[in-house]
Protein chains: 2
Amino acid sequence: MRLTTKGRYAVTAMLDLAYHSHKKPVTLTDIAARQTISLSYLEQLFARLRRANMVKGIRGPGGGYTLSGLAVDINIADIIAAVDEPIHATKCGGESNCQKNQACLTHDLWMGLSDQIRDYLQGITIAQLLEKHHVQEVAKRQDQEAQRVIEIHRSAELAHNLNDLL
Amino acid sequence: MRLTTKGRYAVTAMLDLAYHSHKKPVTLTDIAARQTISLSYLEQLFARLRRANMVKGIRGPGGGYTLSGLAVDINIADIIAAVDEPIHATKCGGESNCQKNQACLTHDLWMGLSDQIRDYLQGITIAQLLEKHHVQEVAKRQDQEAQRVIEIHRSAELAHNLNDLL
DNA sequence: ACTTAACCCAGCAAAATAGTCAACTATTGT
DNA sequence: ACAATAGTTGACTATTTTGCTGGGTTAAGT
């Protein structure tokens, strides 16, 4: 599992898509504008995402992209895997031409870690991230409202004090 | 947090170092040979690791590198952070010049995820990986032994059958 | 002194990244 | 039917990162 800016772009774009495509398809032009990613680069990424059957492209006016499935079924690891080409993880790679000698020892360790990271990212879905953000937004709004109440209370006190003075 | 081959090399090298430096310092030449990483590239990586105070370099004959601290105190996130230069996570980066408009929304989501990944990797130490591998090795050896027992049993059966036939 | 290593550069080729441009095709509203 | 929209494709380019080579210098053991 590799984590590069390419994967980040893909995840960001998918999040944007999930967030905005509750009804109509979303055009890449919109995503490009919102996320400041070049349109042509997005096209490349979405070509891969489409081939991986994660999004559907709809042509013609009013067209754009939609998620192939539910946001709850789309995890981060799959998005990243879709845009990153599968590189030969290591020198001895799948061929296991580096035998059970010492050279493979720590290399094995890394592979295990890599698997762990993949498993971890596989457990995080688009839906979860949107949910989490939604919760945060609500929390923030509530904080702001609480703050406003405090301010109103304070200004009321202030007015009261002024009344006393005048 | 970025996960590239560079980070993998660094983690692999650190694992090798932790595994072999119970007593004496380990030379980069040894690590290079075991992990098939070029010496000069390792030098670059270890220069950064040293500056990040994760390893100590000892000059002269019998010199090499040792871990600065205990394997239990060294986590994966720190190793990767040490060799990857801190890139401006996004366009609006730390300056937060992209205001509370929609453009930042999904970007925020990614940042949250990125933090999650970092936290996750921060929780995994070199010591844990070595431990885990050790457990696996033992398990594998036990499997092999069990397999041998089965094979012996089978060949005994086979011999028995042959005895019946002859 | 001599060897052994860490340390420190400057540079360089290959690959990956990020983006551009242009031509083409399918779909839809009018 | 026709124009507008928007996906599809491919080739091409600039920049950055990667991984490595090879030249040194400096510190510590023998």
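Biologist: Which residues does A:Met14 touch, not counting residues up to four places away in sequence?

Modeller: In this predicted model, the residues that A:Met14 touches include A:Met54 and A:Val55. Contact here requires heavy atoms within 4.5 Å.

Biologist: How many residues does the largest nonpolar core have?

Modeller: A:Met14 is among the residues with the most contacts inside this core, together with A:Phe46, A:Leu121, B:Met14 and B:Phe46. The largest nonpolar core has 76 residues.

Biologist: Is A:Thr4 buried or exposed?

Modeller: A:Thr4 is found in the segment before helix 1 (5-20) of chain A. Leaving aside neighbours within four places in sequence, A:Thr4 is in contact with A:Asp84 and, in chain B, with B:Arg2, B:Leu3 and B:Thr4. Because the relative accessible area of A:Thr4 is 16% and the limit is under 20%, A:Thr4 counts as buried.

Biologist: By what turn can chain B be laid on chain A?

Modeller: The superposition has an RMSD of 0.3 Å, with a shift of 0.2 Å along the axis. The two copies are therefore related as by a two-fold rotation axis. The same surface serves both copies, since 98% of the contact residues of chain B recur in chain A. The turn is 180°.

Biologist: Which residue of chain B comes closest to the rotation axis?

Modeller: B:Leu3 is one of the residues in contact with A:Thr4. The C-alpha of the closest residue of chain B is 2.2 Å from the rotation axis, and that residue is B:Leu3.

Biologist: What percentage of the atoms of DNA strand D that come within 4 Å of the protein do sugar and phosphate account for?

Modeller: Around DNA strand D there are 25 residues, of which A:Tyr65, B:Thr5, B:Ser40, B:Gln44 and B:Arg59 come nearest. Among the atoms of DNA strand D that come within 4 Å of the protein, the share of sugar and phosphate is 76%.

Biologist: Which elements give two or more residues to the surface near DNA strand D?

Modeller: A phosphate oxygen of DNA strand D lies 2.5 Å from a side-chain N or O atom of A:Tyr65. The elements are helix 3 (39-51) and strand 2 (64-67) of chain A, together with helix 1 (5-20) and helix 3 (39-51) of chain B.

Biologist: How many residues of the surface near DNA strand D are charged?

Modeller: The surface near DNA strand D includes seven nonpolar and eleven polar residues. The charged residues number seven.

Technical notes
Residues numbered from 1 in each chain as written. Chains lettered and ligands numbered in written order. Predicted model: local features only at pLDDT ≥ 70, side-chain atom pairs only at ≥ 80, totals over all residues. Heavy atoms only, no water. Helix = DSSP H or I, 4+ residues; strand = E, 2+ residues; numbered from the N terminus. Buried < 20%, exposed > 50% of the residue type's maximum accessible area, 1.4 Å probe, protein only. Core = buried A, V, L, I, M, F, W, Y, C linked by side-chain atoms within 4.5 Å. Near = heavy atom within 4 Å. Polar contact = N/O pair within 3.5 Å; in protein donor to acceptor, adjacent residues only side chain to side chain. Nonpolar A, V, L, I, M, F, W, Y, C, P; charged D, E, K, R; others polar. Least-squares fit on C-alpha atoms with pLDDT ≥ 70 in both.
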